[in-house]
Structure formats: C-alpha cells, structure tokens
Amino acid sequence: MLNERMLDLGKRSSVIREIFEYGNKRRAEIGAENVFDFSLGNPSVPCPPAFNETLKQFLDTVPAESLHGYTSGPGDLAVRKAVAADISAKFGVDAPFDLVYMTCGAAASLCITLNALAEEGDEVIAFAPFFPEYRVFTETTPAKLVVVPCKSSDLQLDFDALEKAITPHTKALILNSPNNPSGVIVPEADVVRLAALLNEKQAAYGTDIFLIADEPYRPLVYTGEPVPYLPRYYDNTVVCYSFSKALSLPGERIGYIFVSPACKAARDVFAAVCGAGRALGYVCAPSLMQYAVARHLDDTADIHIYEKNRTMLYNGLCEIGYSVIKPDGAFYMFVRSPEPDAGAFCEKAKQYDLLLVPSDSFGMPGFVRIAYCVKPEMIERALPAFEKLFREYR
Ligand code: PLP
C-alpha cells in the first residue's frame, strides 16, 4: 500500500536524533544546564550580525512580490554569477555561472548530484567514517553504496583498500573534508594521489568516475593550511557546498552545486543536475536566502569559538587518558571507545548525562563522535563527567 522503504525510513529515526530526543527528555527532568549534549551538529554561534542586517534591508526595500517570488530553477542569475565569481577568486579555477545550481543545503546538493549521475548497476564509494545520510541518499538512486574504511590509526584514506574497491561499476566517490564525524582533513598529497588513482582507473576501465566534494565544513579549519579544492586536482569533480555550518544557517536550507567545467561533458552533467533537481522537487532554492548569501560569500560566523572548544576538549580528554583523533577542521571529535562496543560505552556515558554518538552508524565501529559546536562553558563543566566515566574503565 505504501512505499516500504520510505515507511521504514520514516519510522526509523537516526541514532543522532534519538539521542537528541533523549536529551530533550533529560533537560525537562533535570534542567538544561545539567545535560552535556554533544549529539547534534547544530552550530552554537549565531550567524554574522551583518547577515541579519542584510535580511532586514531586503525586507524594507525590495517589493515583497519579487523578494519572495520564484527564481529560475537553478537559481537567480545574479546570485549564480556572484557564487561563480567567488569560486574563481577563492580557488583560482574557471567557474562559469551556468554550471552553478543553487539548492537547499548540502543534503539536497548530494541527493541531486547522486541522482544526476547514478544508473542501474553503479557503485558509489563512501569513506568510513561517513555522514550516515550518504547511505539514504545513495539508496534513493539505482546505485549501491560501497564503504571503504579509512586507516583506523589516523582516519586518513587507505589507498590499498580504495584501489581494491574501485571497479568498472564505480560511478562516483564522495569525499568529505573537513570530515563529519572525525574532523580530519585530507592533505594535498593524498588528494594528488587520489586524483592519479582515479585517472588511472578511468583509463583502465574506459569509464568516467566522478568525485563528489561534500564541503559544508570547508571554512572551518584550525591549522592555517588551506583545504585542497578538488576541481584543481581532478577533472570529473562536482562540488556540493552548503552555507549551513560556515554562516550558521542550517535551518535556512541554502547551498549550491558547482559542476567543474573540466568534467567530461560538463554541460550534460549540469543538465542532469537540473533534471534531478526538477525530479526531486529542488528547484528555485529559497529566494530570500539566495539573495542574502550572495552578499556574504566572504563571511563566516565566529568560528573562533569552535577552535577554543576544540583545544579545551582535546587537551582535557587526552589528559584524562582518552585516545582522541585530533581534528583539524569541522566541529566534531572522534574518540576511541574504551570498550569495544561503542553503543555500550554511550549508554554508560548517559549515566553522567554525557550524550555522545556511537560510531557504528558512521560505518566505523569502536569510536564515539562528540559534536563540540556547543557553549564553551558546557565543555568546562562536562570534563569532570568525562573523567568519572573514564575511571570506570581503569
Ligand atoms: N554532509 C555532511 C558531511 C554533513 O555533516 C551535513 C550536515 O550535518 C550535510 C552534508 C547536510 O548539510 P545541510 O544541512 O547543508 O543539508
């Protein structure tokens, strides 16, 4: 009677959401200040005040019928031109505006891109640990998700495993750097090596393999090193960008897709993106947000707070004795569970009202994810609870 897959997806909420809902219950019972909720990647810093000023200015000066009207399907022309100019200026690549598609955040960007590329029998590679929705998004296409684990020592790409996983059926790889859930950034040398491997495989199989750059965390970097921009290294690249995290606008649902002009048949890839956007109902991204982000392409929310949190949490957990993968970007930390079953560890953590996410749904068991996009005071108050929890394993 109903689409069974959709019914199942709708009934089964994500582990992260379940923990967040548990947090809501505990907040009501014992007070918000007593719950150390590290479950959700919801930015804790506000968007730049100038962004709100821009919104006010638009509301006061632009006639409502045009401000809230439909834009063209791939987005407002002036906005697409501004985004393309920004890509060119920031990354030194050719970025024609008519290969830019404005859309509703990285989730929509990924769904559209995967649907534009994938055909029956195709495989899409995701590197574990990965954003769990990759599986859901890929499974809305005819393709199958193939998981390639990163090296458990540092969560960087494992080229031996990758080489074995690429087949004549491989249509795309999703690379997310800075990474959710680990905060790891793929260094330039590995990007160069990845591009060489993909070029070699394309030549050997006579196929096209696309690299999907999932980039909602691009500006959130704490090392001072630039994050390699994938279209500079590999031709068949499609960038999925979102303003959710960098501008702290996750609820506004705004981002874009950029098809590199170096892609084989780039115009057709873009036409397929437009087709997938149409088929999935992601046309005309929210117009007010399109106009506003185009004015703030160089801005970010105050991400220094995340940097402060990262230092405090990383040092605090290491001093206690936890084994932590040091994150270079995003606002997540991946910590080794002191017992093999990360789910059991998270249950124990709940006794201290520490809400952590077990790593199984990220495709790599044995870790927990801590989302440190929280108020710094919460980290200060949570560290003694982390210590008590760790003592249970001594
Ligand atoms: N990709 C990754 C790696 C994410 O962490 C997220 C959100 O947390 C998304 C995509 C979806 O982002 P958006 O909120 O812009 O749709």
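Biologist: What percentage of the 394 residues of the protein count as buried?

Modeller: This is a predicted model, where local features need pLDDT of at least 70, side-chain atom pairs count only at pLDDT 80 or more, and totals for chains, interfaces and linings use all residues. Residues are numbered from 1 along each chain as its sequence is written, and side-chain values use heavy atoms, without hydrogens and water. Buried means under 20% relative accessible area, exposed over 50%, and partly exposed in between, with a 1.4 Å probe and protein chains only. Of the 394 residues, the share that counts as buried is 56%.

Biologist: Is alanine 82 buried, exposed or partly exposed, and why?

Modeller: Alanine 82 sits in helix α5 (residues 77–91). Its relative accessibility is 25%, so alanine 82 counts as partly exposed.

Biologist: Which residues is alanine 82 in contact with, leaving aside its neighbours within four places in sequence?

Modeller: Contact means heavy atoms within 4.5 Å. With those neighbours left aside, alanine 82 touches Ala294 and Leu297.

Biologist: What radius of gyration does the protein have?

Modeller: The radius is taken over C-alpha atoms, and the globule rule is 2.2 Å times the number of residues to the power 0.38. For 394 residues, a compact globule would come near 21 Å. The protein agrees with that, at 21 Å.

Biologist: How many helices and strands are there in the protein?

Modeller: Helices (H or I, at least four residues) and strands (E, at least two) are DSSP runs, numbered from the N terminus. The protein has 14 helices and 13 strands.

Biologist: Which residues form one aromatic cluster?

Modeller: Tyrosine 322 and phenylalanine 390 have ring centres 4.6 Å apart and planes at 55 degrees, so their pair is tilted. Both are buried. The cluster consists of Phe38, Tyr322, Phe345, Phe386, Phe390 and Tyr393.

Key:
Phe/Tyr/Trp six-rings, centres within 6.5 Å; stacked < 30°, edge-to-face > 60°.
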